[in-house]
Amino acid sequence: MRAGQDTRSPARTTALLTAFGATRSVTAALRRRVAPGSARWERTNYAGRTVDLFAGPAVAVGSVIGALPARTQGAATIAVGVAGLCGAYDDIAGAGDPRRGFRAHLGALRQGEVTSGAVKLFGIGAAGLVAGAMLKERPLDKLLAGVVIAGSAHFVNLVDVAPGRAALAVMGLGAPGLLRRGAAGALAAAPVGAAAAVVTDDLGERTMLGDTGAHALGAALGTAVVAGNGRAGLLLHAAALVTAAARGADVSRIAADSPM
């Protein structure tokens, strides 16, 4: 073996291909099993076209299965699984709720109403903290890791404002992580592979990620960031994600206006 050769690069390739294949398989299975016209699995997009929601659960499953080669698969499973489930709850229970953003849902909570958005906010936040605690040793690092994972899930949902935006963002933001060795590289490869599996159908307005897929992909991406960074990197990512959350409307607008 040559000096300096990365013997762990097959894990990244395995994660990428596994996530891609699993996502495509779940999408195909749902299309075979769900009857056409099912209200639960269809939405009308911004252009008035009917799209299915199969991409959401498909990328969630693909991201989890793709992360299995990584040593930190437990943290990824918790973060992605809970983010996907909370997103699915919001897709169903909050389908007709016009309220968006932290302020709206926290305002409703102060008035005694627990919205689906509030469930998603606290559920994903808690999962991020648990996953972060599994990945880091020191208390401050655990906290920062939780912020990065939950913040990443929220960020990808913020940019999911037009066909393909979230999937392309995950592929672009996750690509540098593919250069990392070890668990961080494999964890980055999983959401990239899952997003790549649905991006064509998403851009073609045949499917959409919904909150299920956007949050799951974001949590997977955040887990990879945490695995590949020390405290300085976590601080930078956490600061950027908190800023993005605070300026959520601006982030969504920029994403909607950006060229393909």
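# Notebook: salt bridges and surroundings

**Entry 1: Glu205 and Arg49.** I looked up Glu205 and found that it forms a salt bridge with Arg49, with the closest N and O atoms 2.8 Å apart. I then checked where the partners sit. Glu205 is in the loop between α8 (182-203) and α9 (210-227), whereas Arg49 is in the loop between β1 (42-44) and β2 (50-52). The pair thus links distant parts of the chain, 156 residues apart. I note that the model is a predicted one.

I next asked: is Glu205 buried or exposed? Its relative accessible area is 15%, so I recorded Glu205 as buried. Arg49 has a relative accessible area of 43% and is therefore partly exposed.

**Entry 2: Asp90 and Lys120.** I turned to Asp90, whose side chain meets that of Lys120 in a salt bridge of 2.9 Å, N to O. Asp90 belongs to helix α3 and Lys120 to helix α5 (residues 116-135), so this pair ties together parts that are 30 residues apart in sequence. I looked up the accessibility of each partner. Asp90 counts as buried because its relative accessibility is 11%, under the 20% cut-off. Lys120, at 11% relative accessibility, also counts as buried.

**Entry 3: a further bridge to Lys120.** Which residue of helix α9 is paired with Lys120? I found that Asp211 forms a salt bridge with Lys120, the closest N and O atoms lying 2.8 Å apart. Asp211 lies in helix α9 and Lys120 in helix α5, so the bridge ties together parts that are 91 residues apart in sequence. Asp211 counts as buried, at 15% relative accessibility.

I also recorded a network: Arg31, Asp52, Asp201 and Arg206 are joined into one by salt bridges that share partners. How many salt bridges does the structure hold? I noted seven.

**Entry 4: Met208.** I located Met208 in the loop between α8 and α9, the loop that also holds Glu205. Met208 counts as partly exposed, because its relative accessibility is 27%. I then listed what Met208 touches, leaving out residues up to four places away in sequence: Arg43, Val51, Asp52, Leu53, Ala55, Gly56 and Asp202. Asp52 in this list is also a member of the salt-bridge network recorded above. Met208 and Gly56 are 152 residues apart in sequence, but 7.0 Å apart in space, C-alpha to C-alpha.

**Entry 5: a nonpolar patch.** I looked for nonpolar side chains on the surface. Val61, Ile65 and Leu68 form such a patch there, with about 210 Å² of accessible area together. Leu68 is placed in the loop between α2 (55-66) and α3 (73-93). Its relative accessibility is 41%, which means that Leu68 counts as partly exposed.

**Entry 6: the chain as a whole.** Finally I looked up the overall make-up. The chain has eleven helices and two strands. Reading along the sequence, I wrote down the pattern α-β-β-α-α-α-α-α-α-α-α-α-α. What share of the 260 residues is buried? I recorded 49%. The chain exposes about 12400 Å², of which carbon and sulfur atoms supply 61%. As to contacts between residues at least 6 apart in sequence, 73% join residues at least 24 apart. The pair of Met208 and Gly56, 152 residues apart in sequence, touches and is one example I had already noted.

Note on methods. Residues are numbered from 1 along each chain as its sequence is written. This is a predicted model: local features need pLDDT of at least 70, side-chain atom pairs count only at pLDDT 80 or more; totals for chains, interfaces and linings use all residues. Side-chain values use heavy atoms; hydrogens and water are left out. Patches are made of residues with over 30% relative accessible area and no salt bridge: like charges are joined within 9 Å, nonpolar side chains (Val, Leu, Ile, Met, Phe, Trp, Tyr) within 5 Å. Accessible areas come from the Shrake-Rupley method with a 1.4 Å probe; for residues, only the protein chains shown count as cover. A salt bridge is a side-chain nitrogen of Lys or Arg within 4 Å of a carboxyl oxygen of Asp or Glu. Helices (H or I, at least four residues) and strands (E, at least two) are DSSP runs, numbered from the N terminus. Buried means under 20% relative accessible area, exposed over 50%, partly exposed in between (1.4 Å probe, protein chains only). Contact means heavy atoms within 4.5 Å.
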